[in-house]
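Here is a friendly walk through one protein chain.

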Amino acid sequence: MPRSPRPAPSWALLLRLLALLRPPGLGEACSCAPAHPQQHVCHSALAIRAKISSEKVVPASADPADPQKMIRYEIKQIKMFKGFEKVNDIQYIYTPFDSSLCGVKLEANSQKQYLLTGQILSDGKVFVHLCNYIEPWENLSFLQRESLNHHYHLNCGCQVPAGHLE
């Protein structure tokens with residue numbers, strides 16, 4: 001009997017999986033393997049430059065019994081470097097509320113701009129966490145900014161050592 005394709009996991013399920021993968025006894029632990037910015041761009045579904053307009057704590061799912069929370073950041077997208085084929089314009093990004101689940105804390109209502117990489121979930125929501133490349137735009141070097149436009153996405157077959165910053 002042929003199997004029907006399984007739907008992709010929802011972001012609420014993804015949160016639960018992240019919680020289960022957390023090592024016991026490390027309630028506030030989130031660790032990520034170091035990677036070069038190019039590797040982050042290559043392994044992400046999208047890469048954008050954006051400002052954070054506001055933030056709001058929202059339920060992780062429609063289930064009222066689910067205690068998990070997310071932070072929904074409203075953003076002003078400035079430029080998209082990757083992800084055109086999946087989304088046109090991004091209004092919100094989501095991250096786990098708890099830092100132990102790799103949630104990201106971003107500055108809202110400021111002039112700070114960020115380079116954000118992340119995933120696009122099956123429901124179309126953009127999901128980011130600490131293991132994505134999330135960097136204030138002002139911290140990027142000129143070469144990194146140029147590479148976002150011209151090189152990173154063209155050279156995804158390359159393996160760049162994590163210690164190399166450009």
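The model is a predicted one, in which local features need pLDDT of at least 70 and side-chain atom pairs count only at pLDDT 80 or more, while totals for chains, interfaces and linings use all residues. Residues are numbered from 1 along each chain as its sequence is written, and side-chain values use heavy atoms, with hydrogens and water left out.

**Around Ser44**

Is Ser44 buried or exposed? Its relative accessibility is 6%, so Ser44 counts as buried (buried means under 20% relative accessible area, exposed over 50%, partly exposed in between, with a 1.4 Å probe and protein chains only). A polar atom of the Ser44 side chain lies 2.7 Å from the backbone oxygen of His40. The Ser44 side chain also makes a polar contact with the side chain of Thr117, at 3.4 Å. A polar contact here is a pair of N or O atoms within 3.5 Å; within protein, one must be able to donate a hydrogen and the other to accept it, and residues adjacent in sequence count only if both atoms are side-chain atoms. Setting aside residues up to four places away in sequence, Ser44 touches Lys82, Thr117, Gly118, Gln119 and Asn132, where contact means heavy atoms within 4.5 Å.

The table lists its pairings; two strands pair if DSSP finds at least two bridges between them.

| Partner of strand 4 | Sense | Bridges |
|---|---|---|
| Strand 1 | antiparallel | 6 bridges |
| Strand 6 (residues 134-136) | antiparallel | 3 bridges |
| Strand 5 (residues 126-127) | antiparallel | 2 bridges |

Ile48 stands opposite Leu116 of strand 4, Leu115 faces Glu135 in strand 6, and Ile120 is opposite Val126 in strand 5. The hairpin of strand 4 and strand 5 has 5 residues between the strands, and there Gly124 takes a positive phi near 90 degrees.

**The nonpolar cores**

A nonpolar core is a set of buried Ala, Val, Leu, Ile, Met, Phe, Trp, Tyr and Cys residues joined through side-chain atoms within 4.5 Å. Which members of the largest core touch the most other members? Among its 18 residues, they are Ile48, Ile75, Ile90, Ile93, Leu106 and Leu116. A second, separate core has 9 residues, including Val41, Ala47, Phe81 and Leu140. Beyond its neighbours within four places in sequence, Leu106 is in contact with Ile52, Glu55, Tyr73, Ile93, Tyr114, Leu116 and Ile134.

**An aromatic pair**

The structure holds 1 aromatic pair. The ring centres of Phe81 and Trp137 are 6.0 Å apart and the planes meet at 10 degrees, so the pair is stacked. Rings of Phe, Tyr and Trp (its six-membered ring) pair if their centres lie within 6.5 Å; planes under 30 degrees apart count as stacked, over 60 as edge-to-face and the rest as tilted. Phe81 lies in strand 2 and Trp137 in the loop between strand 6 and helix 3 (142-150), so the pair ties together parts 56 residues apart in sequence. Phe81 is buried, with a relative accessible area of 9%, and Trp137 counts as buried at 9% relative accessibility.

**The whole chain**

Stepping back, the chain has 3 helices and 6 strands, in the order α-α-β-β-β-β-β-β-α. Of its 166 residues, 39% count as buried.

Note on methods
Helix = DSSP H or I, 4+ residues; strand = E, 2+ residues; numbered from the N terminus.
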